[in-house]
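Subject: Structure for you to look at

Hello,

Here is the structure I said I would pass on. My notes on it follow below.

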Amino acid sequence: MVQEVRKSEEQWRAELPADRYHVLREKGTEPAFTGTLLDVHDPGLFRCAGCGAELFRSDDKFESGSGWPSFTRAVTEGVVVETEDRSHSMIRTEITCARCGGHLGHVFPDGPAPTGQRYCVNSLSLEFEPFELKA
Ligand SMILES: [Zn+2]
């Protein structure tokens with residue numbers, strides 16, 4: 001997988017607010033139930049806060065009770081990269097943005113139908129763009 005957006009850590013640090021930098025580039029995790037996108041249910045797109053790539057749609061968002069925005073799938077295959085993560089004495093699957101490598105969160109196999117997947121994503125990794133309502 002070739003990342004389209006490549007920047008030095010100095011560039012990322014200069015461009016991103018400190019809290020987004022910590023999550024996206026240092027694989028941080030925002031505290032549960034604090035994210036600004038947790039309760040967003042308006043129709044729209046969730047874009048990568050690092051590079052603007054379209055990652056998730058409101059149609060696929062669901063209430064997981066985990067305290068983080070949760071989705072059953074990404075907008076299309078290939079926009080999110082899944083990698084085994086053995087940090088913190090756990091075996092999890094990390095998800096990153098394919099375009100810029102930014103850390104998004106983790107995916108767990110305990111989601112609802114139709115996919116059975118739960119993409120558990122930090123609000124700080126995403127930016128919400130409401131769909132234009134056609135008049
Ligand atoms: Zn990105």
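Asp60 and Arg73 form a salt bridge, with 3.0 Å between the closest N and O atoms; the term means a side-chain nitrogen of Lys or Arg within 4 Å of a carboxyl oxygen of Asp or Glu. Asp60 sits in the loop between β2 (54-57) and β3 (61-62) and Arg73 in the loop between β4 and β5, so the pair ties together parts 13 residues apart in sequence. Strands here are DSSP runs (E, at least two residues). Asp60 counts as buried at 7% relative accessibility, while Arg73 is partly exposed at 38% (buried is under 20% relative accessible area, exposed over 50%, partly exposed in between; 1.4 Å probe, protein chains only).

This is a predicted model: local features need pLDDT of at least 70, side-chain atom pairs count only at pLDDT 80 or more, and totals for chains, interfaces and linings use all residues. Residues are numbered from 1 along each chain as its sequence is written, and side-chain values use heavy atoms, with hydrogens and water left out.

The count of salt bridges comes to 12. Among them, Glu84 and Arg86 meet at 2.7 Å, N to O, and Arg118 pairs with Asp110 at 2.8 Å. Arg118 is buried, with a relative accessible area of 13%.

The zinc ion is coordinated by the SG atoms of Cys48, Cys51, Cys97 and Cys100 at 2.3 to 2.4 Å (donors are N, O and S atoms within 2.8 Å of the metal, or 3.2 Å for Na, K and Ca). Cys48 in strand β1 and Cys97 in strand β6 are 49 residues apart, and both are buried.

Regards

Technical notes:
Helices (H or I, at least four residues) and strands (E, at least two) are DSSP runs, numbered from the N terminus.
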